[in-house]
Every structure is written in C-alpha cells, then in structure tokens.
Amino acid sequence: MTIEEVINYAKEKGVSPKKIDALIAELHPNENGELSIEESTQAFFAIDYHIATIENIRSVLKATKEMRRKTDNKFFKF
C-alpha cells in the first residue's frame, strides 16, 4: 500500500483533513511512498476505528437527546 491509498481511503470515509495530516505524520513510508504491510494495516484500522468512534458518539448523543425529549428534560436539569 502507498501513502496515497491511505489518504484516499481516509477521505472516502470522511476523515477530516486535520486528522489525516496527524495520521500521515505517524507513518513511515519508504522512498517510493510505500508502507509496510503492518503499518498500512494499522493505518486502515486506525481510520476505521476513528469513524466507528464518531458514529458511536453520535448515536449516544442522539439517544440522549431523545431521552431528554421524552422526559421533558426534568431529569437533566441542574
């Protein structure tokens, strides 16, 4: 895998440019821009993990919002 493939995959998944830059800074491509199998696998897993985490956070926030709506905010006021 090349570093360009990792960048394209991250863009495809909707990762922000700032996060892509941080990921690329952690990679060590050779002079041809290719990554080792281990490093490319880790990069793809890191991208998938980041996207899954964001999706989970959104689902929790949505559930919280729905619960607040159902309970008329009476349990969430401080």
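**Aromatic pair**

I searched the whole structure, a predicted model, for aromatic pairs and got one. The partners are Y9 and F44, and their geometry is edge-to-face, with 4.7 Å centre to centre and 65° between the planes. I called the pair edge-to-face because the planes are over 60 degrees apart.

Where do Y9 and F44 lie? I placed Y9 in helix α1 (residues 3-13) and F44 in helix α3 (residues 37-70), so the pair ties together parts that are 35 residues apart in sequence.

Next I checked both residues for burial, buried or exposed? Y9 has a relative accessible area of 19%, which I log as buried. F44 comes out at 18% relative accessibility and counts as buried too. The cut-off for buried is under 20%.

**Faces of α1**

With Y9 noted, I listed the buried residues of α1: I3, V6, I7, Y9 and A10. Looking down the axis of α1, I find these buried residues within an arc of 160°, so they line one face of the helix. I reminded myself that an α-helix has 3.6 residues a turn, so residues three or four places apart point the same way. On the other side of α1 I found K11 and E12 exposed.

What covers the buried residues of α1? The cover includes α2 (17-26) and α3. I also looked just past the end of α1, where G14 takes a positive phi of about 90°.

**α1 against α2**

I then took the α1 and α2 packing. Two packed helices are described by the angle between their axes and the distance between the axes. For α1 and α2 I have an angle of about 155° and axes 10 Å apart. The angle is over 145 degrees, and α1 and α2 are therefore roughly antiparallel to each other. I noted the crossing of α1 and α2 as right-handed.

Which residues meet between these two helices? From α1 I get I3, V6, I7, A10 and K11, and from α2 I get I20, L23 and I24. I3, V6, I7 and A10 had already turned up among the buried residues of α1.

**M1**

Last, I looked up M1, which sits in the segment before α1. M1 counts as partly exposed, at 49% relative accessibility. Leaving aside neighbours within four places in sequence, I found M1 in contact with G33, E34, L35, S40 and F44. F44 is also the partner of Y9 in the aromatic pair. For M1 and K19 I logged 18 residues apart in sequence and 19 Å apart in space, C-alpha to C-alpha.

Conventions:
Residues are numbered from 1 along each chain as its sequence is written. This is a predicted model: local features need pLDDT of at least 70, side-chain atom pairs count only at pLDDT 80 or more; totals for chains, interfaces and linings use all residues. Side-chain values use heavy atoms; hydrogens and water are left out. Rings of Phe, Tyr and Trp (its six-membered ring) pair if their centres lie within 6.5 Å; planes under 30 degrees apart count as stacked, over 60 as edge-to-face and the rest as tilted. Helices (H or I, at least four residues) and strands (E, at least two) are DSSP runs, numbered from the N terminus. Buried means under 20% relative accessible area, exposed over 50%, partly exposed in between (1.4 Å probe, protein chains only). The arc is that of the directions from the helix axis to the C-beta atoms. Contact means heavy atoms within 4.5 Å. Axes are lines fitted to C-alpha atoms, for helices over the stretch in contact, and angles run from 0 to 180 degrees between N-to-C directions. Angles under 35 degrees count as roughly parallel, over 145 as roughly antiparallel, 65 to 115 as roughly perpendicular and the rest as oblique. A crossing is left-handed if the near helix is turned anticlockwise from the far one by less than a right angle, and right-handed if clockwise.
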